[in-house]
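Please work through the exercises below with the sequence and the 3D structure at hand, and try each task before reading its solution.

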Amino acid sequence: MQPLMIMGIALAASLATFLGGVLALKLKDKLHLVLGFSAGAIIAVVFFELLPEALELGGSYFDAGTLIAFTAFGFFAYTLLDRFILLHLHSEGDHCAHTGATTRGLAGASSLAAHSFLDGFAIGLAFQASVAVGTAVAVAVLVHKFSDGINTVGLLLKNGGTRAQAYTWLLIASVAPALGVLATLFFVFPDNILPVVLATFAGFFLYIGAADLLPESHHAHPRFMTTLMTLLGAGLIYFVTSIAG
């Protein structure tokens, strides 16, 4: 991938996160629609790009069952990471505890920053596979980054943090995906390793979309519009992959 292209994608990921945070208060009542759209996009990129590409690239080295097993490993590994290390919380919902609220808000914001770095890393990794895969992953992540910006600000303000803290962590979360993208400039995965990494990241994305974003988007909200937004998100990725590939 050309350096100018990767710099542009890194900048876009950062801007999407930052703009999401800036508009957090204005979009608070519409957050479920953003989450629903993001869920559809993230899940679609697993089925339409990451898994097919992993199976195609890895066909000479692994059987399909082995690569699917790596996807399952990625899914459950991210489950453990999310629940016991990242403490991934959201700006909405009763599950945001009020005991030690500020601390939990900071923990949630830092987890979103770590998550943002992994998203950026996934973009750079996808472009190592092909431009088509990279484009689809980039679109899905950029949509997702917008909601992450909203969540970063919402978490801190909801849990007693100051506006200064909210915008400090928003800046950190905005820089994180760009750093993740840029990190992939310094190495290239070998042909026999790249399919395994793609399959594992497919598991990561499947967890983020299906086990995290999708349930959150339907939490205490009208389901018709959120479901429609999920289908639109998936449709967008299908369209992008059809054009790019």
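The model is predicted, so local features need pLDDT of at least 70 and side-chain atom pairs count only at pLDDT 80 or more, while totals for chains, interfaces and linings use all residues. Residues are numbered from 1 along each chain as its sequence is written, and side-chain values use heavy atoms, with hydrogens and water left out.

**Exercise 1.** Find which helix gives the most to the nonpolar patch.

Solution. Begin with the members: Leu11, Leu15, Phe18, Leu19, Val22 and Tyr167 make a nonpolar surface patch of about 510 Å². Areas come from the Shrake-Rupley method with a 1.4 Å probe. Next, look at the helices, which are DSSP runs (H or I) of at least four residues, numbered from the N terminus. Helix H1 (residues 3-22) gives the most, with 5 residues.

**Exercise 2.** Determine how Phe201 and Phe204 are arranged as an aromatic pair.

Solution. Rings of Phe, Tyr and Trp (its six-membered ring) pair if their centres lie within 6.5 Å, and planes under 30 degrees apart count as stacked, over 60 as edge-to-face and the rest as tilted. The whole structure holds 9 aromatic pairs. In one of them, Phe201 and Phe204 lie 5.0 Å centre to centre with 65° between the planes, which is edge-to-face. Because these residues are 3 apart in helix H7 (residues 194-217), Phe201 and Phe204 are separated by about one helical turn.

Technical notes: Patches are made of residues with over 30% relative accessible area and no salt bridge: like charges are joined within 9 Å, nonpolar side chains (Val, Leu, Ile, Met, Phe, Trp, Tyr) within 5 Å. A salt bridge is a side-chain nitrogen of Lys or Arg within 4 Å of a carboxyl oxygen of Asp or Glu. Helices (H or I, at least four residues) and strands (E, at least two) are DSSP runs, numbered from the N terminus.
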